[in-house]
Amino acid sequence: IASAILEQGADRVYLFNYMDSQTAIEDLKDYPPLLRECGAMATLAGKPRRHVLTYSDTWAPGEAQGYQLPASIEVNRWRAFRLATGPAEPKLQARLRLGIKGELSGMQVRANNAEARLIGLESPERPWPNVPVYAFDVPVESLRDGDTVVDVFARNALTISWVELARTHPA
């Protein structure tokens with residue numbers, strides 16, 4: 001998240017829910033590096049990262065409720081999702097992860113209009129959704145600084161409940 005918002009021009013990173021033992025990150029040994037590294041692109045560069053589509057789940061009375069997931073995709077229709085993904089960093093591999101309920105046959109997935117190839121079922125690290133997660137290989141040359149647009153086409157009705165672009169070092 002930090003690399004995405006810094007790339008968009010933010011000058012600070014606010015860690016509201018990472019302040020005490022009840023709301024800190026799961027593995028507390030990762031907390032000091034988080035504090036040291038999340039505030040500048042120079043200290044984030046080249047590090048593995050995950051970009052997960054999130055949304056507000058709490059609203060003020062009378063406020064419009066906006067959310068993108070879960071998303072139903074009708075038969076023979078496309079659905080687009082936009083992820084803030086920060087710098088393209090071509091040295092990092094890209095893997096798209098989709099939490100899908102429904103039949104995948106005939107499904108097409110693209111990242112920035114480049115075909116993403118189905119790898120198969122995957123068990124991502126925490127956090128993860130409560131539906132099967134399918135991994136797709138994304139050509140790194142399709143990524144650009146800023147956002148990544150994920151397009152999903154369904155031959156059969158399905159529901160997407162997780163959208164993530166994971167960036168890792170080559171194996």
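Tutor: Happy to! Let's start with a term: two strands count as paired if DSSP finds at least two bridges between them. Keep in mind that this is a predicted model.

Strand β4 (residues 93–102) is joined to β8 by 6 bridges, and the two run antiparallel.

Now for the charges. Side chains of opposite charge can pair when their charged atoms come close. In the whole structure, a search finds 11 salt bridges. One of them joins the side chains of E125 and R50, at 3.3 Å from N to O. E125 sits in the loop between β7 and β8 while R50 belongs to strand β1 (residues 49–52), so this pair ties together parts 75 residues apart in sequence. E125 counts as partly exposed because its relative accessibility is 41%.

R50 also forms a salt bridge with E164, with the closest N and O atoms 2.6 Å apart. Since E164 lies in strand β10 (residues 158–168) and R50 in β1, the pair ties together parts 114 residues apart in sequence. Both R50 and E164 are buried.

E164 forms a salt bridge with R97 too, again with 2.6 Å between the closest N and O atoms. That pair links R97 in strand β4 to E164 in β10, 67 residues apart. Through shared partners, salt bridges join R50, R95, R97, E122, E125 and E164 into one network.

Terms used. Residues are numbered from 1 along each chain as its sequence is written. This is a predicted model: local features need pLDDT of at least 70, side-chain atom pairs count only at pLDDT 80 or more; totals for chains, interfaces and linings use all residues. Side-chain values use heavy atoms; hydrogens and water are left out. Helices (H or I, at least four residues) and strands (E, at least two) are DSSP runs, numbered from the N terminus. A salt bridge is a side-chain nitrogen of Lys or Arg within 4 Å of a carboxyl oxygen of Asp or Glu. Buried means under 20% relative accessible area, exposed over 50%, partly exposed in between (1.4 Å probe, protein chains only).
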